Amino acid sequence: MAARVWLAGEEDAASVTRLMVGFRDHLGSTAPTDEGMGATVEELMRDPATEFLLGAADGEPPAGVCQLRYRLTVWTGACDCWLEDLFVEAGARGAGLGRALVEAAIERARARECKRIDLDVNEDNSGALALYRDMGFSTEPKGEVRTLYAMRRL
């Protein structure tokens, strides 16, 4: 499959929303609502620190989405890129679309002079872990300290 990846613009908001709703459903969640997801996608698309990438097989509608968030960090004095979400529809998996989206994410981060790109991934998601490791992401703790993603709902 020849994958085409592009930076989503306002005209792509419906496709981004459809894919993010698909990701929500894939995760087994019911929230946010479709309407809430759409409103948030539209707001994020106006945020200069957020980008969405879309991916598709040539001539096909978008079947993959990647959300990127950029933030300045004191640790490097530069921006980091957070690959917040990556989703490829079931029927398009295994054909390289996820890889193409991650490659494009890395290119976007480099273009914005980011020093790092990071993400979190469920340790049971063997396919995603294999992809990220194959693309040079480290997933092992460094040293004797185990690094975990931590979150608190407010």
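D80 and R116 form a salt bridge (a side-chain nitrogen of Lys or Arg within 4 Å of a carboxyl oxygen of Asp or Glu) whose closest N and O atoms are 2.5 Å apart. The two residues belong to distant parts of the chain, 36 residues apart: D80 lies in strand β4, and R116 lies in strand β5 (residues 116–118). Helices (H or I, at least four residues) and strands (E, at least two) are DSSP runs, numbered from the N terminus.

The structure is a predicted model, in which local features need pLDDT of at least 70 and side-chain atom pairs count only at pLDDT 80 or more, while totals for chains, interfaces and linings use all residues. Residues are numbered from 1 along each chain as its sequence is written, and side-chain values use heavy atoms, with hydrogens and water left out.

## Salt bridges

Side chains of opposite charge can pair when their charged atoms come close. The whole structure contains 9 salt bridges, and the table lists some of them.

| Salt bridge | Closest N and O atoms |
|---|---|
| D80 with R116 | 2.5 Å |
| R99 with D134 | 2.5 Å |
| R24 with D25 | 2.8 Å |

The partners can be described by their relative accessible area: buried means under 20%, exposed over 50%, and partly exposed in between (1.4 Å probe, protein chains only). D80 is buried, with a value of 1%, whereas R116 is partly exposed at 38%. R99 is partly exposed at 30%, and D134 is exposed at 53%. This pair also links distant parts of the chain, R99 being in helix α3 and D134 in helix α4, 35 residues apart. R24 is buried at 10%, while D25 is partly exposed at 44%.

## Helix packing

Helix α1 (residues 13–26) packs against helix α2 (residues 34–45) at an angle of about 130°, with their axes 9 Å apart. Axes are lines fitted to C-alpha atoms, for helices over the stretch in contact, and angles run from 0 to 180 degrees between N-to-C directions. The arrangement of α1 and α2 is therefore oblique; angles under 35 degrees count as roughly parallel, over 145 as roughly antiparallel, 65 to 115 as roughly perpendicular and the rest as oblique. In α1, the residues that meet α2 include V16, M20 and R24, and their counterparts in α2 include D34, V41 and M45.

For α3 and α4, the axes come within 11 Å and cross at roughly 45°. This pair is likewise oblique. Their contact (heavy atoms within 4.5 Å) is made by G98, R99 and V102 of α3 with L131, Y132 and D134 of α4.

## Nonpolar cores

A nonpolar core is a set of buried Ala, Val, Leu, Ile, Met, Phe, Trp, Tyr and Cys residues joined through side-chain atoms within 4.5 Å. The largest has 24 residues, of which C66, L68, L83, L86, V102 and Y132 touch the most other members. The elements giving two or more residues to this core are β3 (64–73), β4 (78–88), α3 (97–111) and α4 (126–134). Helix α3 provides the largest share, 7 residues.

Apart from its neighbours within four places in sequence, Y132 is in contact with L86, V102, L119, V121 and F137. A second, separate core has 17 residues, among them L19, V41, M45 and V65.
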